[in-house]
Amino acid sequence: MTTTRIPGVRGVDHFGVTVPDLDQAHTFFTEVLGCEYLYRLGPYQHDDDWMSVHLGVDDKAVMRRLHFYRLGGQAIFEVFQYEAPDQRTEPPRNSDIGGHHVAIYVEDLDAAVAALHANGLTVMGEPTASKNASEGQRWVYFLSPWGMQFELVSYPGGKAFDRNPSAFD
C-alpha cells in the first residue's frame with residue numbers, strides 16, 4: 001500500500017460532538033469546562049441524499065441545531081443535536097471502534113477533580129500518575145452529563161519525554 005501525506009496540514013480545527021440535549025450541553029461546555037460560546041446554526045434537513053452523502057447519517061436525519069464553543073482560546077467544539085430514525089443513544093466505550101475521549105489540560109488536577117465532584121459529574125477512579133515517557137503527568141477520566149468520556153491531564157513540570165526524548169525511541 002502506498003500513502004500520500006495530505007499537504008498543508010497545520011493542526012486540529014475543531015471537534016464535533018453529538019449530544020442528546022443542547023441546553024444541557026451548553027451548561028456543561030460553558031459553566032463546567034469554561035468554554036466561550038461563539039454562535040449557533042441550524043436547523044438542517046434535506047429531502048434528498050445530501051445528509052448521507054455529506055455527513056454519513058440517515059437521509060431522514062434532522063440536525064436541529066449546532067453550537068460552536070472555544071476552549072482556552074484554541075480548541076473549538078462543534079456540538080450537534082440530531083434526530084434520526086436509526087440513531088444510537090449509547091456513547092461508545094474507548095474499547096469500541098470509534099471510541100474516543102477529549103483530553104483537557106488543567107493547571108491543578110486536584111482542584112479540577114474537586115470541581116467535577118462539586119458539579120455532580122462521574123469521575124472514573126482517582127487521578128493516576130503516568131510512567132515511562134509520560135512520567136510527570138497525572139490524569140483522570142470523567143463523564144459528561146450525556147456519558148461522553150473526557151480526560152483531565154496535568155504535567156506542570158513537563159513529561160519525561162519532554163526532558164529526554166531520545167530515551168524513549
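Trainee: What makes Asp96 and Arg93 a salt bridge?

Mentor: A salt bridge is a side-chain nitrogen of Lys or Arg within 4 Å of a carboxyl oxygen of Asp or Glu. The closest N and O atoms of Asp96 and Arg93 are 2.9 Å apart, so the pair counts as a salt bridge. This is a predicted model, where local features need pLDDT of at least 70, side-chain atom pairs count only at pLDDT 80 or more, and totals for chains, interfaces and linings use all residues. Residues are numbered from 1 along each chain as its sequence is written, and side-chain values use heavy atoms, with hydrogens and water left out.

Trainee: Why is Arg93 called exposed?

Mentor: Buried means under 20% relative accessible area, exposed over 50%, and partly exposed in between (1.4 Å probe, protein chains only). Arg93 has 51%, so Arg93 is exposed. Asp96 has 27% and therefore counts as partly exposed.

Trainee: Why is the pair of Tyr39 and Phe68 called stacked?

Mentor: Rings of Phe, Tyr and Trp (its six-membered ring) pair if their centres lie within 6.5 Å; planes under 30 degrees apart count as stacked, over 60 as edge-to-face and the rest as tilted. The centres of Tyr39 and Phe68 are 4.4 Å apart and the planes stand at 25°, so the pair is stacked.

Trainee: Is Phe68 buried or exposed?

Mentor: Phe68 has a relative accessibility of 10%, so Phe68 counts as buried. Tyr39, at 41%, is partly exposed.
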